[in-house]
Amino acid sequence: MQAMEAGDREIEFRLDAFARTRLTPDPQAASRIRARIMREARLQFEASRIAAHMTTAVPVHQRRPLARRLAMPLLAASVWLGIAVGSISAAQPGGPLYGGRLWVENAMIPASGAARADAELSRLDSRLAEAYSASIRADPTAVKAALDAYSDIAAAAAAASLGDPAAEATVAAALNHHTAVLSAVAASLAAKGNDTAATALEASIQRAIEHNQAVIDRVEEAGGAGSGNGPSNGPTTNSGGGIGAGAVGSSSPGGGGDAVGSGPGANPQPDKTPKPTQAPKPTQAPKPTPDPQGPPDHSPHVTGR
Amino acid sequence: MTIDDAAIERLVSEAKDGDAWAFGMIFDHYHERIYRFIASRVHRPSDAEDLTQHVFVKALEALPRYESRGIPFGGWLFRLARNAVIDHVRTRHDHAELDSIVEWAHGDAGPDEIAVVRQELNAVGAALANLTADQREAIELRFFAGLSARETAEAMGKQEGTVRGLQFRGIAALRRQLGLDADSPEFADLRAPRPANATTDG
């Protein structure tokens, strides 16, 4: 055993001698290898650093977590939604932006003609619907705002329709229908009780009804005066007013037709055709409605057009 | 320079982080052993130099993918060296004949001593050439490259016990061929202490 160990040591000794003598690089070779390797290492490490810098600098936004990537669009959407909801809410009757909304509507309607009349009637429908909705909510401020706007639009529509018999008739018919709706709403409110809100609502509605009636009267008068421009042989100045009044009343045949074609002095009698019977004024409508619990039959969205 | 395994792992970690100085330390620790191992397998010193450089460049490129996982860095590095030698021999059809390796080291010894040493070294080279390929590789890695049995096993892709067996049988074969068996008449001379400067590079 001892001999074997001695033999092993001798073998190790000779192998080591062999390696050191014949396998060891000379110092110059070692220096050359080291210089090349270190140059390569520096280049490679520098390239890695640049690559790492590029990957962290350029696509940093692409590698953010999903939640962080969605946070900004969600926040923007929330802000937008908040603004939209707030704006819509503020633009409701009685809201701070309601006036602005009406101004924008007014600015966008056609300048003149039948298109403008149609647009004004559409706006009237909208205001009436708003007033109706507000009355259901028992919101007197909103009802008043909507009906004030309604009155202004009705006056503007009437003014815009002057000189156009067809438009005048359309406006008058729509206002008559709206008056009936408002009367029904007022009656419904009165039946529910006489609390403060209902009283305020009723007051607004009554004012609107009266204003409507005044506008209708003006339209009728203007329609009669406009028709009088035709050839007339009688002393009356209202001989040609049948078109407008008849259309507004819609239940009367009107009466101005026979004035046309008559020669001067042919019919000295004043026009016996009575002024068409108008619908009873809403103020005269009986307040207690037959069915106080039920909603009015008239939908505010249905116009007389 | 002696660096323990923990220090090597630290240097490797720093080199992976792009520290050129750490990689230089690794080179200094391993390059001579790598060169010895390669030189024992190739014919020309210039090939050994080129292959040594090639191995360290490969290590540099592969370093980011190196994970210790209990594998010694030396074993990993020598596996690269072994593969480089195999590729070299395969492409150049060049076999290292150990008995034809020139002697690079020159000492101050006198002509007689040099002649004796050269004869002994030639005998070692011839004995190594007669080993099986695995035995020879195990001997080269263990004694020329200075790897541990575990590192040698990692470099050769074998079990540590297998490497120990190859080493044992290789040493036994060398002993027989070099006349160092216990039964050999030359062995009696070995029991006497050897002069300190009797070998090699003087």
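I began at the end of helix 7 of chain B: Gly157(B) follows this helix, and its phi is positive, near 70 degrees. The model is a predicted one.

**Helix 7**

Helix 7 of chain B covers residues 149–156, and six of its eight residues are buried, so the helix is largely enclosed by the rest of the structure. I listed the buried ones as Glu151(B), Thr152(B), Ala153(B), Glu154(B), Ala155(B) and Met156(B).

**Chain B overall**

I counted nine helices and zero strands in chain B. Read along the sequence, the pattern is α-α-α-α-α-α-α-α-α. Chain B has 202 residues, and I found 39% of them buried. I also checked how far apart in sequence the contacts reach. Of the contacts in chain B with a separation of 6 or more, 67% come from residues 24 or more positions apart.

**Helices 6 and 8**

Next I looked at one helix pair. The axes of helix 6 and helix 8 of chain B come within 8 Å and cross at roughly 95 degrees. Angles of 65 to 115 degrees count as roughly perpendicular, and I therefore noted helix 6 of chain B and helix 8 of chain B as roughly perpendicular to each other.

**Contact with chain A**

I turned to where the two chains meet. The contact takes 41 residues from chain B and 35 residues from chain A. On the side of chain B that touches chain A, the elements giving two or more residues are helix 2 (20–39), helix 3 (45–62), helix 5 (111–129), helix 6 (133–144), helix 8 (160–177) and helix 9 (187–190). Helix 2 of chain B gives the most to this side, with nine residues. I divided the residues of the chain B side into 23 nonpolar, nine polar and nine charged.

**Ala22(B)**

Leaving out residues up to four places away in sequence, Ala22(B) touches Leu11(B), Glu14(B) and Ala15(B). I noted 5.2 Å between the C-alpha atoms of Ala22(B) and Leu11(B), which are eleven residues apart along the chain.

Definitions and conventions:
Residues are numbered from 1 along each chain as its sequence is written. Chains are lettered from A and ligands numbered from 1 in the order in which they are written. This is a predicted model: local features need pLDDT of at least 70, side-chain atom pairs count only at pLDDT 80 or more; totals for chains, interfaces and linings use all residues. A residue is buried if 20 or more other C-beta atoms lie within 10 Å of its own, exposed if 12 or fewer, and partly exposed in between; C-beta atoms are placed from the backbone. Helices (H or I, at least four residues) and strands (E, at least two) are DSSP runs, numbered from the N terminus. Two residues are in contact if their C-beta atoms, placed from the backbone, lie within 7 Å. Ala, Val, Leu, Ile, Met, Phe, Trp, Tyr, Cys and Pro count as nonpolar, Asp, Glu, Lys and Arg as charged, and the others, Gly among them, as polar. Axes are lines fitted to C-alpha atoms, for helices over the stretch in contact, and angles run from 0 to 180 degrees between N-to-C directions. Angles under 35 degrees count as roughly parallel, over 145 as roughly antiparallel, 65 to 115 as roughly perpendicular and the rest as oblique.
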